[in-house]
Amino acid sequence: MNKVEPKNVFSRTENVHSMKSVLILSGGIDSSTLLYYLLDKGYDVHVLTFDYGQKHSKEIGHSKIIAEKAKSRGKVEHRVVDISSIHELISAGALTSDESIPKAFYSEEVQRRTIVPNRNMIMLSIAVGYAVKIGANEVYYAAHKSDYSIYPDCRKEFVKALDAAVYLANLWTPVEVKAPFADMTKDEIVKLGLELKVPYELTWSCYEGKERPCLSCGTCLERTEAFLLNNARDPLLSDEEWERGVEIYRKMKEEHERTDK
Ligand SMILES: [Zn+2]
């Protein structure tokens, strides 16, 4: 298959560039770090959080708090976009359907069960339309390397192809789709975020919508690992929770490695 290389076909006009950007914020670590990263670079950030019918609205609440907090670093506008009416059409994975959230370290099988079909494509497509409307030239989302193996819409190939399609669809008002963390692992993102002093205590990752993080779902384990690799502790957790989280992580990691062989 021929690769789509729009930049070789049409050259984008650099001089129309604005410092307005659109960012998709979930309320988790990756997109919150990206928000602070963009503000650090001097961007005005128009933040969109999607309510796509996730089981719990906890992360939406956290995204509101983070966007509000980030206003101390620059210009931030936040909107929650309700696309929950499509819930019935796309509810297939454990994040939106009645299927339970897998309690295990991320493996291909477990991770596959948390796919919401075409979610990023749908959200990015709406974000691009919004970008055109407000005159922003860039749409950002926090796809990263650790998600590659399973979530196909986090891969660089997807970002590149979507960027090409978005360009062709909006020739007179060029918008770029960017995933600057695409080559970074979760712990590298946390490293950057710690440098940028991202208020991680306000972020939410757990797939369970409970009062406190469950500490044992794939995303909780991944979060614990990312802080551990940075010799830091997760400021969202109490001392007791952090210790328990590390213990669960070590146990599950061992199990995961044993069964993976
Ligand atoms: Zn959890």
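Which residues does L38 touch, not counting residues up to four places away in sequence? In this predicted model, local features need pLDDT of at least 70 and side-chain atom pairs count only at pLDDT 80 or more, while totals for chains, interfaces and linings use all residues. Residues are numbered from 1 along each chain as its sequence is written. As for L38, the residues touched are S21, L23, Y43, V45 and Y140, with contact taken as C-beta atoms, placed from the backbone, within 7 Å.

L38 also turns up in the largest nonpolar core, a set of 51 residues in which L23, L35, L38, A127 and V139 have the most contacts. A core here is a set of buried Ala, Val, Leu, Ile, Met, Phe, Trp, Tyr and Cys residues joined through C-beta atoms within 7 Å. Buried means 20 or more other C-beta atoms within 10 Å of a residue's own, exposed means 12 or fewer, and partly exposed is in between. Helix 2 gives this core its largest share, 7 residues. There is also a second, separate core of 9 residues, with C206, C220, L221 and Y249 among them.

The protein chain has 10 helices and 5 strands, which are DSSP runs numbered from the N terminus (helices: H or I, at least four residues; strands: E, at least two). The 5 strands of an open sheet follow the order 3-2-1-4-5, with parallel pairing; two strands pair if DSSP finds at least two bridges between them. Strand 3 and strand 5 (176–178) sit at the edges, each pairing on one side only. Strand 1 (residues 20–24) and strand 4 (residues 138–140) run parallel and are joined by 3 bridges, and V22 has V139 as its bridge partner in strand 4.

Helix 3 (residues 58–70) is next. E59, H62, S63, I66, A67 and A70 are buried in helix 3. These residues cover an arc of only 135° around the axis, so they lie on the same side of helix 3, the arc being that of the directions from the helix axis to the C-beta atoms. Their cover includes helix 2 (29–40), strand 2 (44–51) and strand 3 (76–82).

Finally, G209 is in the loop between helix 8 (186–195) and helix 9 (218–228). G209 counts as partly exposed because 14 other C-beta atoms lie within 10 Å.

Technical notes: Contact = placed C-beta atoms within 7 Å.
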